[in-house]
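Subject: Structure handover

Hello,

Here is the structure I said I would pass on. My notes on it follow below.

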There are 2 protein chains.
Amino acid sequence: MKKRLSPYMRLVDAEISRYLDRDVEELYKPLRNLFSRGGKRIRPALCMISCEAVGGNRRDALKAAAAIEMIHNFTLIHDDIADRSKLRRGKPCLHHKYGLGIAINAGDGLFSVAYEALSDAVIQSGKPEIIADITKATTRVCEGQAMDISWVQERQWDLTEDAYLSMIRRKTGALMAVSCKVGGILGGGTKRQIDALANFGMDLGVGFQIHDDVLNLTGDVKKYGKEIGGDINEGKRTLAIIYTLALCTPEEKRRLTHILDKEENSYEEIKETIEILNKYGSVERGANTARELIEGGKKRLSVLPDSPAKKLLLDLASYIVKRER
Amino acid sequence: MKKRLSPYMRLVDAEISRYLDRDVEELYKPLRNLFSRGGKRIRPALCMISCEAVGGNRRDALKAAAAIEMIHNFTLIHDDIADRSKLRRGKPCLHHKYGLGIAINAGDGLFSVAYEALSDAVIQSGKPEIIADITKATTRVCEGQAMDISWVQERQWDLTEDAYLSMIRRKTGALMAVSCKVGGILGGGTKRQIDALANFGMDLGVGFQIHDDVLNLTGDVKKYGKEIGGDINEGKRTLAIIYTLALCTPEEKRRLTHILDKEENSYEEIKETIEILNKYGSVERGANTARELIEGGKKRLSVLPDSPAKKLLLDLASYIVKRER
């Protein structure tokens, strides 16, 4: 899959570089450093492939794709601060490498430069509606992030599956959905095709996040060490937790919420948590939910004519829930 | 002056409220809290008055004005974190009231909502170029903030007046300039009028910031207590400091940079710093520079026909350098 995505990745990385190759090193150096670390670039790939899947040229969606990837990365810079993360793409987070003030501001600058790329995309395409679409999605991302942070901060445990999905549709779904939607718009797709792409992107985003949460709970705990169960230390509300809390004994519930509310947990506590989740089949149930979402998403693409781009979207969707750590 | 600005303030506050009156309390409540504290709303006023000064209706510029005020406020939320400030408009900064993660994200959400208002402004006006203009200004603001933070962090003292002006044109000038420029565009001004308004706004912004820096060094130190000399504790590079460092003895330079590099200073150290600055007439020289900039800016408006709006712009400019603490 990486090989099939690499032409899109190279295009978008070159485009982003053009926007960040400027003076005022104090702002742009940390940003160039972040992008030099690589990354999956799934959102810009989705945007350009969606453009091709409705008959457009990938370059028609390139500037919007670059903007979306910049928006995604600005949220990563800021989320890493909120989550007190130490590493991003295997290297120190920007707030550790350059300081808190520089990192917050670098995220802001990246957000702003993304809108420079979007303005250029509008001039190129004559389609100003893409700004409103991407902006609404970005607001949704911030809403989801606010819910996610507040639930941990307020020790909120009274959460339904619907509440979790509502959060994750915002935090992860909205930007993937608009990536596909805007690709469809810039490729000249029909209303029906554009809607299908948006819905496909939403299913993909939500499925992606749920699968990601599952990955954080599986694998060989000893082998992966600190990485496994990071969400447990951060107290993240995930589907496996919500499924379990609805089924487990009051004693198990007290134990789970106690561990999740703490900031640091021992290897034994992480292991104990994962065992309770597995006792109720919640991790496997989460994995199934992700797979079902992805399968549903793939069906939505039936309105698109067969093409290599459509095939790539379908394969990318399947790949997303097959990924391992 | 406050009384003459209040109709603009009421309009823009009502418009901003419309954008922030939404569900997802976790995001919008902190933002409504911030705006409920008031504020001068100088930038949106400049935008709407500039619109009137070229013959437009203030409502034509209302959504853009609201967007600019939202952008300004998102930078305040984030700057307060970088500066480790405790109070904003007399109440705890958002990061103190709601926590770091919520505050960073609230700033991001506000940035995004500003672009929703801008998208609406483009639909209303049919002038998409205002997005590119405001975005470029916002990028400049981030560049200026990066320079400002880095100079303190890297203990950079080798700074010229030009370097300071280059920073402050970005950090404060750019958004004031674009406020006036976009008002001129939305009011249907000529190219010459729009350019004059942009240059007026830049002079106003730079003069405003220099005057603000001077205010932080003047007044009755005992009476104002902690507020006086806050910039000295933060180690901010200001014009009075740069003027003094170019003139003072090596011993005074060592003393000044030592105090400015420290995070906490005693009342005596703040007083000593202000005395050295005054010995070289640097505070008064800064005040003069601000006044000259403002006078230059006012002359630029000669291309505008006489009107109550033009009179208000001129009076607002004079007011800005007459303000006291």
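Before the first helix pair, a definition: axes are lines fitted to C-alpha atoms, for helices over the stretch in contact, and angles run from 0 to 180 degrees between N-to-C directions. Helices (H or I, at least four residues) and strands (E, at least two) are DSSP runs, numbered from the N terminus.

This is a predicted model, in which local features need pLDDT of at least 70 and side-chain atom pairs count only at pLDDT 80 or more, while totals for chains, interfaces and linings use all residues. Residues are numbered from 1 along each chain as its sequence is written, and chains are lettered from A and ligands numbered from 1 in the order in which they are written.

Helix pair within chain A

The axes of helix α3 (residues 42–53) and helix α8 of chain A come within 7 Å and cross at roughly 30 degrees. α3(A) and α8(A) are therefore roughly parallel to each other (angles under 35 degrees count as roughly parallel, over 145 as roughly antiparallel, 65 to 115 as roughly perpendicular and the rest as oblique). Their crossing is right-handed; a crossing is left-handed if the near helix is turned anticlockwise from the far one by less than a right angle, and right-handed if clockwise. Residues making the contact include Leu46(A), Cys47(A) and Ile49(A) of α3(A), and Leu175(A), Met176(A) and Val182(A) of α8(A). Here two residues are in contact if their C-beta atoms, placed from the backbone, lie within 7 Å. By class, the residues of this contact are ten nonpolar, four polar and one charged. Ala, Val, Leu, Ile, Met, Phe, Trp, Tyr, Cys and Pro count as nonpolar, Asp, Glu, Lys and Arg as charged, and the others, Gly among them, as polar.

Between the chains

The contact takes 36 residues from chain A and 36 residues from chain B. On the side of chain B that touches chain A, α2 (25–36), α4, α6 (100–125) and α7 (129–153) each supply at least two residues. The residues of that side are 18 nonpolar, 13 polar and five charged.

One helix pair spans the two chains: the axes of α6 (residues 100–125) of chain A and α4 (residues 62–82) of chain B come within 8 Å and cross at roughly 160 degrees. α6(A) and α4(B) are therefore roughly antiparallel to each other, and their crossing is left-handed. Leu100(A), Gly101(A), Ile104(A), Asn105(A) and Asp108(A) meet His78(B), Ile81(B) and Ala82(B) in this contact, which has four nonpolar, three polar and one charged residues.

Helix α7 of chain B and what follows

α7(B) has 25 residues and reaches 36 Å from its first C-alpha to its last, close to the 36 Å expected at 1.5 Å a residue (the expected span is 1.5 Å times one less than the number of residues). Of its 25 residues, 19 are buried. A residue is buried if 20 or more other C-beta atoms lie within 10 Å of its own, exposed if 12 or fewer, and partly exposed in between, with C-beta atoms placed from the backbone.

Trp151(B) is found in α7(B) and is buried, with 20 other C-beta atoms within 10 Å. Leaving aside neighbours within four places in sequence, Trp151(B) is in contact with Gln156(B), Leu159(B) and Arg237(B).

Just after α7(B), Arg155(B) takes a positive phi of about 50 degrees. Arg155(B) lies in the loop between α7 and α8 (161–186) of chain B and counts as exposed, with 10 C-beta neighbours inside 10 Å.

Regards
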